[in-house]
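Welcome! Take a look at the structure, then try each task before reading on.

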Amino acid sequence: MEEIYAKFVSQKISKTRWRPVPSGSLQTAETFATGSWDNEENCVSLWSIGDFGNLDSDGGFEGDHQLLCDIRHHGDVMDLQFFDQERIVAASSTGCVTVFLHHPNNQTLSVSQQWPAAHHHTGPGSPSYGSAPCTGIVCDNPEIVTVGEDGRINLFRVDHKEAVRTIDNADSSTLHAVTFLRTPEIVTVNSIGQLKIWDFRQQGSEPCQILSLTGDRVPLHCVDRHPNQQHVVATGGQDGMLSIWDVRQGTMPVSLLKAHEAEMWEVHFHPSNPDHLFTCSEDGSLWHWDASTNGPEKSSLFHQGGRSSTFLSHSISNQANVHQSLISSWLSTDPAKDRIEITSLLPSRTLSVNSLDVLGPCLVCGTDAEAIYVTRQLFS
């Protein structure tokens with residue numbers, strides 16, 4: 001079991017993100033940002049992971065995450081992304097999108113830019129103007145893409161006052177999350193189990209591709225793209241299932257993996273080791289999925305404090321005609337033969353684990369139990 005350290009921070013944490021390490025640098029992650037929700041006053045905070053391993057009064061290890069600075073945030077923090085080393089973009093339940101600037105000299109955060117009504121409800125049946133939560137953001141300098149409960153997609157450029165492009169009625173349902181497939185294509189997931197691909201080079205408000213879950217249209221809450229194989233996408237849904245999609249073929253997931261017992265809030269491929277994937281859930285669990293093919297006798301057990309249970313899934317696609325060596329381990333996994341190994345990373349079930357992020361050997365997650373957990377030894 002990796003050593004994982006908790007720090008209690010007296011606020012419900014909705015989002016956690018590592019500050020990116022400069023490209024080409026050998027340093028490991030040491031600073032992360034958090035956003036809070038459902039508190040009297042919400043804030044965006046910046047933390048340093050400091051020196052680990054202080055013994056607390058109970059003889060257990062306590063994480064020594066040091067608060068560097070924080071700033072008040074109006075509304076719940078619905079999403080949080082680093083734009084670059086100094087700037088953090090926050091999505092608010094008020095529909096506002098804010099860029100915060102970190103000043104390392106005096107350890108403060110300030111508002112650098114704001115789009116106050118990025119997301120809003122308009123039209124018949126709604127007040128002439130009502131705010132709609134901004135539910136997801138993704139950044140690729142100089143661009144920021146936002147999605148919201150209003151079914152709108154915005155393309156912003158830092159230092160531009162107005163949106164560069166807005167697709168007003170992109171979706172008739174709530175958009176829950178967005179990520180880049182490859183610039184200038186994005187992929188969104190919505191509340192009726194659809195995954196849609198959009199190309200900003202095309203005018204108009206139609207997606208260039210729609211994939212969807214069959215049967216019950218279970219809301220999809222999160223999406224991530226494989227860092228090396230851009231056609232491979234993972235999503236998590238309200239039923240806790242992990243779906244793996246190959247956007248080059250078909251309109252359904254390649255495989256559905258039985259996962260959490262409640263909503264899956266986030267899914268992340270490891271950025272430099274994408275055979276490893278991480279998920280967190282409303283059921284209070286944080287899981288590490290290992291699909292690396294290291295050894296013929298892959299363990300088929302789910303590890304949790306020594307208790308094991310078999311892992312169920314089904315693959316709904318035949319990959320035999322594709323050259324095996326080119327297939328991501330997530331697409332080629334035949335669950336009957338290659339079981340994926342799952343490890344539960346938290347020592348015990350807690351309230352909802354809302355967010356996680358991974359970078360190198362480091363993982364951070366935030367919970368409704370007002371705790372931030374950090375480990376620096378993911379693969380040791």
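**Exercise 1. Find the partner of Glu-261 and describe the pair.**

Solution. Step 1: Glu-261 makes a salt bridge with Arg-349, and their closest N and O atoms lie 3.7 Å apart. A salt bridge here is a side-chain nitrogen of Lys or Arg within 4 Å of a carboxyl oxygen of Asp or Glu.

Step 1: the two residues sit in distant parts of the chain, 88 residues apart. Glu-261 lies in the loop between strand S25 (255-257) and strand S26 (264-269), and Arg-349 in the loop between strand S32 (341-344) and strand S33 (353-359). Helices (H or I, at least four residues) and strands (E, at least two) are DSSP runs, numbered from the N terminus.

Step 2: Glu-261 is exposed at 64% relative accessible area, while Arg-349 is partly exposed at 39%. Buried means under 20% relative accessible area, exposed over 50%, and partly exposed in between (1.4 Å probe, protein chains only).

Before going on, please note that this is a predicted model: local features need pLDDT of at least 70, side-chain atom pairs count only at pLDDT 80 or more, and totals for chains, interfaces and linings use all residues. Residues are numbered from 1 along each chain as its sequence is written, and side-chain values use heavy atoms, leaving out hydrogens and water.

**Exercise 2. Is Glu-185 buried or exposed, and which residue does Glu-185 pair with?**

Solution. Step 1: Glu-185 is buried, with 12% relative accessibility.

Step 1: its salt-bridge partner is Arg-201, at 3.7 Å from N to O. This pair also links distant parts of the chain, 16 residues apart: Glu-185 belongs to strand S19 (residues 185-190), and Arg-201 to the loop between strand S20 (194-199) and strand S21 (209-212).

Step 2: Arg-201 is exposed, at 58% relative accessibility.

**Exercise 3. How many salt bridges does the structure have?**

Solution. Step 1: the count is 15. One of them joins Asp-84 to Arg-87, with 2.8 Å between the closest N and O atoms.

Step 1: Asp-84 is buried, at 17% relative accessible area.

**Exercise 4. How many disulfides does the structure hold?**

Solution. Step 1: the number is zero. A disulfide is a pair of cysteine sulfur atoms within 2.5 Å.

Step 1: Cys-134 is in no disulfide, and the nearest cysteine sulfur, in Cys-96, is 8.9 Å away. Cys-134 is buried, at 0% relative accessible area.

Step 2: for Cys-222, the closest cysteine sulfur is that of Cys-280, at 7.5 Å, which is too far for a bond. Cys-222 is buried as well, at 4%.
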